[in-house]
Amino acid sequence: KVTHEHSEALNQRIKEHLALLDHSDPDANGWEQITEDGEMKVYRKELVQDGLICDPLKAVHSVGLVTAKEMCHYFWFPDVRRDWEETVDVFDVLETLDEATTINYQTHKQVWPAAQRDCLYLSSMVKVDNPPSVGDKIPHDTWIVCNFSVDHPEANPVSGCVRALIEVALICQTFITLPKDGGPITRDCLQCDIIYVANVNPGGWAPASVLRSIYKREYPKFLNRFTNYVQQKTKDLKLLF
Ligand SMILES: O=S(=O)(CCO)c1ccc(-c2ccc(C3CCCC3)c([C@@H]3C[C@@H]3c3ccccn3)c2)cc1
């Protein structure tokens, strides 16, 4: 459905990201694993575009106690961004396009010796109907948050920042194990499978070695911090499907 000027672009990106749900073996297709921490595996590809390090990043994870909608809600919801995002300085919502779509402006903490970066992007949370089912597991529900760079007339960029371009998706699927005793579904019955992809173009020069070490350090940290945040935030709340 078209509700705003970016609807077509958003629907196109969602379609492309959902192709990841075929759970094609990340160890194939040239992905190099850079981190493994329990259920979390982080992969990257080495990609240089116009002399800039644009390594695609992909992480797969599986966490208990939360639903796909809860994970995507807290990833999308602007009001809680500062609770879990620690590499962002300025964060503003420039425009709210509908009840699940905003246009955000944010600056990232400077990474010496590179110039500070900012991002201007559309962020939308969408429920995925009839997702491609994978193997024998049938997901209870599938949600996606898509963040991708757009222009906006009201962006009032922080001077000195270099504009980074992002293409990010968080895809979450809830799997439920029904309790043996036929009782109600509790958080212990939940398993949320996550696929996170991030394509960040730094928008200007930054030393390859510095960028690659940041990615290797920051993405696993961010994924652990964010998933722990959602488990804590929801532990005493009603399950949100
Ligand atoms: O998942 S999101 O949509 C969540 C919304 O915040 C998202 C994630 C990460 C970025 C991002 C943007 C630019 C850069 C820079 C800084 C110097 C040159 C590139 C980085 C660097 C990699 C470090 C980083 C990695 C992970 C988390 C935070 N920081 C990351 C943007 C959005």
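This is a predicted model: local features need pLDDT of at least 70, side-chain atom pairs count only at pLDDT 80 or more; totals for chains, interfaces and linings use all residues.
## Backbone geometry in the loops

Pro 113 sits in the loop that runs between strand 7 (101–108) and strand 8 (117–128), where helices (H or I, at least four residues) and strands (E, at least two) are DSSP runs numbered from the N terminus. Residues are numbered from 1 along each chain as its sequence is written, and side-chain values use heavy atoms, with hydrogens and water left out.

Most residues other than glycine have a negative phi, and most peptide bonds are trans. Asp 50, in the loop between strand 3 (48–49) and strand 4 (52–53), has a positive phi near 50° although Asp 50 is not a glycine. With a relative accessible area of 78%, Asp 50 is exposed; buried means under 20% relative accessible area, exposed over 50%, and partly exposed in between (1.4 Å probe, protein chains only). Leu 65, another residue other than glycine, has a positive phi of about 75°; Leu 65 belongs to the loop between strand 5 (57–64) and helix 2 (68–76), and its relative accessibility of 38% makes it partly exposed.

## Strand 8 and its partners

Strand 8 is mostly covered, since 10 of its 12 residues are buried. Strand 8 pairs with strand 7 in the antiparallel sense over seven bridges, two strands being counted as paired if DSSP finds at least two bridges between them. In this pairing, Asn 104 stands opposite Tyr 121 of strand 8.

Strand 8 also pairs in the antiparallel sense with strand 9 (residues 141–149), over eight bridges, and Val 126 has Ile 144 of strand 9 as its bridge partner. Strand 8 and strand 10 (residues 162–163), by contrast, run parallel and are joined by two bridges; here Asp 118 has Arg 163 of strand 10 as its bridge partner.

## A hairpin and an enclosed helix

Strand 1 (residues 32–37) and strand 2 (residues 40–44) run antiparallel and are joined by five bridges, with Asp 37 standing opposite Met 40 of strand 2. Strand 1 and strand 2 form a hairpin with two residues between them, and Gly 38 in the turn has a positive phi of about 65°.

Helix 2 is largely enclosed by the rest of the structure, because seven of its nine residues are buried. Among these buried residues of helix 2 are Glu 70, Cys 72, Phe 75 and Trp 76.

## Contacts of Asp 98

Asp 98 lies in strand 6 (residues 88–98) and is buried, with a relative accessible area of 19%. A polar contact of 2.8 Å joins the side chain of Asp 98 to that of Thr 101, where a polar contact is a pair of N or O atoms within 3.5 Å (within protein, one must be able to donate a hydrogen and the other to accept it, and residues adjacent in sequence count only if both atoms are side-chain atoms). The side chain of Asp 98 also reaches the backbone nitrogen of Ala 100, at 2.8 Å.

## The largest pocket

The largest pocket holds about 680 Å³ of space. On a 1 Å grid over the protein atoms alone, a pocket is an open set of points where a 1.4 Å probe fits, with protein on both sides within 12 Å along at least five of seven lines, and lining residues have an atom within 4 Å of a point; the volume is the space filled by probe spheres set on the points, which are joined across faces, edges and corners. Of the 30 lining residues of the largest pocket, the closest to its centre are Thr 87, His 108, Val 200, Tyr 215 and Tyr 219.

At least two lining residues come from each of helix 3 (81–84), strand 7, strand 8, strand 11 (165–176), strand 12 (190–201) and helix 4 (208–234), and helix 4 provides the largest share, seven residues. The lining divides into 18 nonpolar, six polar and six charged residues, with Ala, Val, Leu, Ile, Met, Phe, Trp, Tyr, Cys and Pro counted as nonpolar, Asp, Glu, Lys and Arg as charged, and the others, Gly among them, as polar.

## Around the ligand

The ligand is surrounded by 20 residues, of which the closest are Glu 85, Gln 106, Asn 147, Tyr 196 and Tyr 215; a residue counts as near if one of its heavy atoms lies within 4 Å. Tyr 215 is also among the residues closest to the centre of the largest pocket.

A ligand oxygen atom is 2.7 Å from an N or O atom in the side chain of Tyr 196, and an oxygen atom of the ligand is 2.8 Å from an N or O atom in the side chain of Asn 147. For Thr 87, an N or O atom of the side chain is 3.4 Å from a nitrogen atom of the ligand.
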